[in-house]
There are 2 protein chains.
Amino acid sequence: MKLTTIEIGRAAKKASRQLATSNSESINKALGYIAESIVERSDEIIGSNLLDIKLAKDADLDDHMIDRLLLNKDRIEKMSQGVINISSLPSPIGIESESRVLENGMLLSQRTVPLGVIGVIYESRPNITIDISALCLKSNNAVILRGGKESINSNICLEGIIRDSLKKSNLSKNSIQLIKSADRKVINELLTMDDYIDFLIPRGGSELVNKVAAESRIPTVVGGIGVCHTYIDKAADLKMANSIVLNAKTQRPSVCNALDTVLIHSLIAPEFLPVLYQNFTAKNVEMRCDTRSLSIIGENNNDLVKKASDEDFGTEFLSLTAAIRVVDSVEDAIEHINTYGFGHSEAIITEDQKSADKFVNAIDASAVFVNASTRLNDGGVFGLGAEVAISTGKTHARGPMGLKSLTSYKWVALGSGQIRSD
Amino acid sequence: MKLTTIEIGRAAKKASRQLATSNSESINKALGYIAESIVERSDEIIGSNLLDIKLAKDADLDDHMIDRLLLNKDRIEKMSQGVINISSLPSPIGIESESRVLENGMLLSQRTVPLGVIGVIYESRPNITIDISALCLKSNNAVILRGGKESINSNICLEGIIRDSLKKSNLSKNSIQLIKSADRKVINELLTMDDYIDFLIPRGGSELVNKVAAESRIPTVVGGIGVCHTYIDKAADLKMANSIVLNAKTQRPSVCNALDTVLIHSLIAPEFLPVLYQNFTAKNVEMRCDTRSLSIIGENNNDLVKKASDEDFGTEFLSLTAAIRVVDSVEDAIEHINTYGFGHSEAIITEDQKSADKFVNAIDASAVFVNASTRLNDGGVFGLGAEVAISTGKTHARGPMGLKSLTSYKWVALGSGQIRSD
């Protein structure tokens with residue numbers, strides 16, 4: 001029987017009521033079964049995945065895309081380990097804070113509760129099906145998954161395994177539901193289902209994130225887009241600066257916390273830039289230089305050095321390209337970053353405490369680094385266990401979103417007949 | 001010179017950068033000047049207010065509306081006292097949490113920061129201009145105010161006083177800007193200004209709140225609408241139950257935390273309902289009764305007792321009307337509330353700890369009360385100092401929103417050359 005999107009929403013809401021009062025033992029039991037079953041049933045998963053891979057090859061998808069789709073024994077083992085790690089984290093639910101006795105004698109507290117139903121719209125990688133389901137389950141949330149059509153066979157198989165595990169733990173199978181229709185109008189339906197979905201997580205390119213932000217009635221995460229800067233202060237340790245800039249730009253250039261623009265204090269630019277030029281060109285990084293940095297480096301007849309256009313500042317390159325600008329002070333660097341940045345990950349390299357403090361205080365971003373690589377803006381690195389997204393929004397959650405970001409709270413007031421008189 | 005809405009947005013963003021790094025002394029100084037000036041310049045305020053009152057009378061607005069508009073010496077004194085109270089609260093900005101040393105040696109922490117620019121769309125009462133400005137300022141946020149056209153002269157006068165006070169404290173005057181155009185298309189412009197506005201607060205009827213939720217690209221508060229229940233358990237202290245129900249229904253019926261539906265356990269209904277009938281009818285409360293409650297009360301030829309329609313459950317009455325239903329268990333009460341409620345304020349009256357726990361755990365609402373009136377869901381009562389709204393949304397903030405709800409945070413990571421290797 002095929003359910004409509006609304007029916008899926010209604011079933012999820014119902015399941016979320018049961019989950020809201022489920023204890024962490026049942027939750028961990030279900031997570032244990034999931035971890036176990038995906039390894040036990042790996043042949044089945046790989047079989048379904050092969051269908052997706054074949055369709056992708058028939059559709060002439062590029063090798064990079066096909067690699068993202070691929071599930072093999074090793075990746076399945078990693079997915080299983082990921083579920084075990086999430087299961088071992090403390091439950092984020094039922095944590096009390098703000099406890100106090102009010103003037104009228106009521107005992108007040110705030111208590112963390114699940115958000116309810118999480119909707120997740122994502123693209124090709126099928127491991128997200130397991131990651132997100134485990135995070136939502138660990139935080140007692142029901143989830144509606146809308147994966148990419150490229151991984152539909154893998155996702156159907158994984159959903160089946162998850163739902164079998166839920167059943168074995170006496171939790172509602174509808175705690176996790178995959179939307180199987182590839183029709184894009186399903187996404188538009190999801191965006192209006194504020195009666196059933198409490199929070200929407202778009203995991204994909206900027207087109208998807210912007211569509212969801214613009215059209216959804218449901219609170220959502222804005223994230224996954226970053227124009228990241230690293231400012232080399234006049235008091236920087238230049239060797240450290242080079243190592244950090246090289247890492248931030250080249251270690252994985254296709255991700256949102258990779259470096260886009262290097263800002264360099266004019267006093268150290270003559271010493272720093274030639275070394276940066278050596279390092280960047282050795283790694284095939286194209287440098288888009290402002291006039292001042294260009295005059296220091298010289299064009300060198302090197303195709304990798306170009307004059308920057310206005311647009312290069314404020315561009316997320318997602319590739320081996322960096323914009324370079326010389327500035328005259330930490331204040332200029334801050335002004336540049338707060339103008340061109342997206343509030344994702346920003347860094348200063350300096351040995352001067354005052355410059356560091358000024359930078360940290362004034363920069364408006366999800367994470368501000370002193371003497372470290374912007375690539376470190378990550379839930380795993382930050383010790384959150386896992387992340388559902390990196391938010392550049394300022395409400396609800398900012399930066400790497402761990403389990404806590406999947407919770408809300410309720411106020412609980414225990415009285416003895418209190419009424420209001422004013 | 002008249003600014004466009006976009007220009008106002010841009011100026012607010014710029015002011016918010018300065019405010020983000022302003023210290024609490026300057027902020028409190030500005031709040032002190034505001035509190036002082038509104039009293040000193042009360043004749044000027046009352047003069048402007050008289051213009052609004054005259055226009056309202058000419059437009060045949062009802063007395064209730066005109067009363068909401070009115071500012072007199074006493075009300076101005078109260079506004080001033082409100083600002084002093086807000087000023088005396090601890091600053092919500094710069095508070096560190098989640099501090100830890102990561103495996104790679106970085107020192108990580110979360111630090112509270114202002115949201116940036118708050119947009120507030122509100123209706124007639126001019127005191128909101130002062131309340132909201134003080135709350136935003138105290139949390140280092142810039143604010144764009146869009147008040148109702150009925151109070152435009154009062155608001156222009158108050159904005160002038162606030163901006164003079166900001167100037168005297170060396171803060172940007174543009175920290176607080178009032179939109180003077182009465183054109184409703186300004187609201188549509190505001191909803192799309194996500195480049196300049198970080199958070200939107202609609203303070204008005206459900207039409208405004210729903211419009212903002214549906215059309216805004218900017219994170220917003222959903223609130224101000226409640227269908228509030230009180231469940232009288234079989235183990236209730238019936239005297240307490242009567243006092244609480246009467247308070248919740250009649251103390252101020254026009255507000256969102258006033259009681260709408262009374263649920264009564266069938267075992268105590270025969271004893272409780274006749275007393276409730278006496279109390280309610282004495283206060284002129286119309287009772288919309290389900291079949292079982294009606295059979296206990298009897299119609300008594302009393303116009304105040306009616307058979308409930310299906311629609312009565314799930315209706316926010318905002319008047320001296322209550323829906324009444326008999327249920328057979330705390331579970332039935334929970335099911336009813338989670339079906340018909342809006343997640344605002346819900347109460348159980350019981351002496352039985354188990355019923356209380358079950359209710360508190362299962363009810364999905366911003367505030368859950370045991371043996372107390374739903375009218376107590378309030379920032380002042382909860383000790384938050386003041387509130388910007390009562391949120392029924394689950395993301396960012398839930399229930400009464402105090403200063404903390406006007407903050408975000410940034411992650412600060414202090415390193416010594418850390419890079420990413422995986």
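1. I95(A) is partly exposed, because 14 other C-beta atoms lie within 10 Å. The scale behind this word is as follows: a residue is buried if 20 or more other C-beta atoms lie within 10 Å of its own, exposed if 12 or fewer, and partly exposed in between, with C-beta atoms placed from the backbone. I95(A) sits in the loop between α5 (73–88) and β1 (96–101) of chain A. Helices (H or I, at least four residues) and strands (E, at least two) are DSSP runs, numbered from the N terminus. The C-alpha atoms of I95(A) and I179(A) are separated by 32 Å, and the two residues are 84 apart along the chain.

2. On the source: this is a predicted model, in which local features need pLDDT of at least 70 and side-chain atom pairs count only at pLDDT 80 or more, while totals for chains, interfaces and linings use all residues. Residues are numbered from 1 along each chain as its sequence is written, and chains are lettered from A and ligands numbered from 1 in the order in which they are written.

3. How confident is the predictor in chain A, as an average pLDDT? Chain A averages 95, and 100% of the residues score at least 70. The term pLDDT stands for the predictor's confidence in each residue, from 0 to 100. The model as a whole scores ipTM 0.94 and pTM 0.93.

4. Chain A contains 14 helices and 16 strands. Its C-alpha trace spans about 70 × 70 × 35 Å along the principal axes. The radius of gyration of chain A is 24 Å, which agrees with the value near 22 Å that a compact globule of 422 residues would have. That radius is taken over C-alpha atoms, and the globule rule is 2.2 Å times the number of residues to the power 0.38. Of the 422 residues of chain A, 53% count as buried. Among contacts in chain A between residues at least 6 apart in sequence, 72% join residues at least 24 apart. Here a contact means that the C-beta atoms of two residues, placed from the backbone, lie within 7 Å.

5. Is strand β6 (residues 199–203) of chain B enclosed or open? Five of its five residues are buried, so β6(B) is largely enclosed by the rest of the structure. F199(B), I201(B) and R203(B) are buried on one side, and L200(B) and P202(B) on the other. Strand β3 (residues 117–122) of chain B pairs with β6(B) in the parallel sense over five bridges; pairing requires that DSSP finds at least two bridges between the strands. I118(B) has F199(B) as its bridge partner in β6(B).

6. The contact between the chains takes 58 residues from chain B and 58 residues from chain A. On the side of chain B that touches chain A, β16(B) gives the largest share, eleven residues. Strand β16 (residues 407–418) of chain A pairs with β13(B) in the parallel sense over five bridges. In β13(B), V368(B) is the bridge partner of V412(A).
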